[in-house]
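Here are a few notes to read alongside the model. Take them one at a time and find each spot as you go.

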Amino acid sequence: MKKLIGIVGTNSDFSTNRNLLLFMKEHFKEQAEIEVVEIKDIPLFNKPESKELPSSVLEIAEKINAADGVIISTPEYDHAVPASLMNTLNWLSYHIYPFLDKPVMITGASYGTLGSSRAQQHLRQMLDSPELKARIMPSSEFLLSHSLQAFNEGGSLKDEEQIEKLEGLFKDFMIFVDVMKQLGNAHEANKKEAENFSWETL
């Protein structure tokens, strides 16, 4: 069974993105083991000269390294991902490379009608950066709009059409993970490239 990490893309105590990942964890438990990971304890990125990373960052990095794939569920603030998620990705690309060639599925929930569509596009750009270089599942968006009304008291999605779409995307992601395992021939070269990359020498 595949092991996946589901990252809650906010440090908020209440988040419908957390609810979405918890629903996925239960709904897809026969297909994959999904561990929901919080970013609440990640300190503000300060680019330490010692290159020593906080234990909370190293713990998440180890989980990502050991996982077959990652799901990130992000809300949308001002047409972008939350500062807490950006901060986490800053740490996870500072002399460590857990996302390098790692299959990633992006989901998002928002209170409004757009379902974090702009934030998802922003996140794709970040994950495609030289220091992260994740393998993002293409042509796939799960946009949960009006998310405050989307779940029942048991934590399940109410809308059967949304569940059906999510099931299709998740099935595609399982295939995507398998395909990406076959495309690792350049992994060491990609890692070396990421390690040697510097914005200062461009």
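1. Which residues does Arg124 touch, leaving aside those up to four places away in sequence? Keep in mind that this is a predicted model. The partners of Arg124 are Ile106, Ile136, Met137, Pro138 and Ser140. Arg124 itself sits in helix α4, residues 117-127.

2. Stay with Arg124 for a moment: it is buried but has no salt bridge. Its nearest oppositely charged side chain is Glu141, 5.5 Å away, and a salt bridge needs the nitrogen and oxygen within 4 Å.

3. Elsewhere, salt bridges do turn up: the whole structure has 10. Take Lys3 and Glu33, which pair at 3.4 Å, N to O. Lys3 is in strand β1 and Glu33 in strand β2, so this pair ties together parts 30 residues apart in sequence. Both also belong to a salt-bridge network with Glu35 and Lys63.

4. Next, look at Asp101 and Arg135, whose side chains form a salt bridge at 3.3 Å, N to O. Asp101 is in the loop between α3 and β4, and Arg135 is in strand β5, so the bridge joins parts 34 residues apart. Asp101 is buried at 15% relative accessibility, while Arg135 is partly exposed at 22%.

5. Asp101 shows up again in the lining of the second largest pocket, along with residues including Lys102, Pro103 and His187. This pocket has a volume of about 160 Å³, and its lining has 4 nonpolar, 2 polar and 4 charged residues.

6. Last stop, helix α3: its buried residues include Leu85, Leu89 and Trp91. The buried residues of α3 pack against α2, β3 and α4.

Notes:
Residues numbered from 1 in each chain as written. Predicted model: local features only at pLDDT ≥ 70, side-chain atom pairs only at ≥ 80, totals over all residues. Heavy atoms only, no water. Helix = DSSP H or I, 4+ residues; strand = E, 2+ residues; numbered from the N terminus. Buried < 20%, exposed > 50% of the residue type's maximum accessible area, 1.4 Å probe, protein only. Lys, Arg positive; Asp, Glu negative; His and termini not counted. Contact = heavy atoms within 4.5 Å. 1 Å grid on protein atoms, 1.4 Å probe; cavity = no way out; pocket = protein on both sides within 12 Å on 5 of 7 lines; lining within 4 Å. Points joined across faces, edges and corners; volume = space filled by probe spheres on them. Nonpolar A, V, L, I, M, F, W, Y, C, P; charged D, E, K, R; others polar.
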